[in-house]
There are 2 protein chains.
Amino acid sequence: MTQLVRVHNVTVSSDGYAAGEGQRLERPFGSVDPMDLMGWAVGTASWPGRSEPGGSRGIDDHLVREFHRDIGAEIMGRNKFSPHRGPWADEEWQGWWGDDPPFHTPVFVMTHHPRPSFTLGDTTFHFVAGEPASVVAQALEAADGKDVRLGGGADTVRQFLNAGLVDTLHVAVAPIAIGGGSRLWTSPDDLLDRYHRDVVPSPSGVVHHLFWRD
Amino acid sequence: MTQLVRVHNVTVSSDGYAAGEGQRLERPFGSVDPMDLMGWAVGTASWPGRSEPGGSRGIDDHLVREFHRDIGAEIMGRNKFSPHRGPWADEEWQGWWGDDPPFHTPVFVMTHHPRPSFTLGDTTFHFVAGEPASVVAQALEAADGKDVRLGGGADTVRQFLNAGLVDTLHVAVAPIAIGGGSRLWTSPDDLLDRYHRDVVPSPSGVVHHLFWRD
């Protein structure tokens with residue numbers, strides 16, 4: 001069975017930024033209000049950890065559910081896992097997601113700073129160094145026949161795109177400009193030399209870009 | 001790994017018919033012009049067997065591609081396979097699809113009239129009798145870990161829905177009324193007692209209904 005490396009739900013501004021400058025503990029998206037980027041997803045009925053009934057249905061909800069479909073492992077950059085930089089001053093930090101992270105699979109955090117694996121709920125975090133290709137190989141093996149999600153952030157996705165390791169991408173473009181920070185691309189058209197694309201506008205205001213290759 | 005039974009690309013009229021009356025060799029959709037129902041799919045860039053470059057991108061194209069994703073076998077009713085009724089007068093008939101049918105997996109044709117299996121391209125057709133549950137069991141085994149597509153027609157889909165055997169459905173509702181023939185439902189809301197739903201309108205004029213259950 002063919003296993004894919006898939007990007008889901010990454011949201012960027014109209015000028016291509018997935019986070020503003022100044023990411024820190026209180027501001028995981030830096031200068032940007034997270035709801036300006038992720039509101040389309042957080043507002044859906046299928047958003048994990050949704051605390052109240054209701055929520056929107058439609059294309060946004062459909063794509064939020066695709067995040068989990070047939071995924072057996074996630075790869076993420078260290079900056080998605082933590083606001084800290086450099087060696088681990090404090091191994092107490094276990095991610096932004098509380099006691100039950102929404103991954104429910106092994107998660108491979110890319111970092112040059114080793115740390116023991118740990119488990120929260122049914123998510124186990126591993127800390128791995130090395131080239132993207134070797135991290136993909138580890139994640140594909142852990143995924144046990146299912147696909148691997150590449151979780152971001154933008155720098156990590158770009159690194160894997162440059163290495164030719166991404167099979168499909170879902171990127172939502174939100175109708176705000178940020179002007180600086182962590183950038184995925186200058187334009188969604190940047191990938192058209194390597195990918196096919198379907199573009200699906202949503203009533204919520206974001207435009208979904210779905211990329212795949214032969 | 002959980003295997004699903006999935007319905008894809010079934011298209012019905014605004015009054016719920018998937019084909020008009022009088023299905024025969026020259027009119028596989030009976031009284032209805034097939035393009036009035038299936039034009040949204042046939043017009044996409046990803047439509048299998050497309051003879052010319054071009055074609056539409058967007059939600060229609062995305063859903064046409066979902067037809068193939070992670071599918072390891074198809075189940076279809078005898079009326080989807082053939083315009084003939086009753087015992088096989090002529091085993092020369094090998095389906096509507098020419099030398100390279102667009103399935104590329106084992107296909108289980110439900111019929112009370114036995115016939116030897118045969119292979120065209122990389123699609124093998126098997127002819128099976130029995131209850132839907134036993135046909136699903138055979139198809140799941142043949143699918144080798146992947147999902148099973150329930151291909152239709154409408155009567156077959158209804159039979160499997162009534163038996164509780166369908167996990168997800170994609171049904172496109174086209175903006176024409178037919179008034180009689182092979183009916184899937186009286187309204188897309190008929191399934192809301194058993195399924196969640198996302199509704200996604202397409203610029204092509206059809207409205208996609210995506211159903212799943214817990």
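**Close-ups of a predicted two-chain model**

View 1. Just past the end of H5(B) sits B:Gly164, and its phi is positive, at about 70°. Keep in mind while you look that this is a predicted model.

**View 2. The buried side of helix H5 in chain B.** Now step back into the helix itself, which covers residues 154–162 of chain B. Which residues of this helix are buried? They are B:Ala154, B:Thr156, B:Val157, B:Phe160 and B:Leu161. Why do they end up on the same side of H5(B)? Because they cover an arc of only 160° around the axis.

**View 3. Where chain B touches chain A.** Here 14 residues of chain B are in contact with 14 residues of chain A. On chain B's side, the elements that give two or more residues are helix H2 (59–66) and strand E10 (196–201). E10(B) supplies the largest share, four residues. Sort the residues on this side of chain B by kind and you get five nonpolar, three polar and six charged.

View 4. What about the surface through which they meet? Of the interface residues of chain B, 100% are interface residues in chain A too, so the copies meet through the same surface.

Definitions and conventions: Residues numbered from 1 in each chain as written. Chains lettered and ligands numbered in written order. Predicted model: local features only at pLDDT ≥ 70, side-chain atom pairs only at ≥ 80, totals over all residues. Contact = placed C-beta atoms within 7 Å. Nonpolar A, V, L, I, M, F, W, Y, C, P; charged D, E, K, R; others polar. Buried ≥ 20, exposed ≤ 12 C-beta atoms within 10 Å, placed from the backbone. Arc of directions from axis to C-beta.
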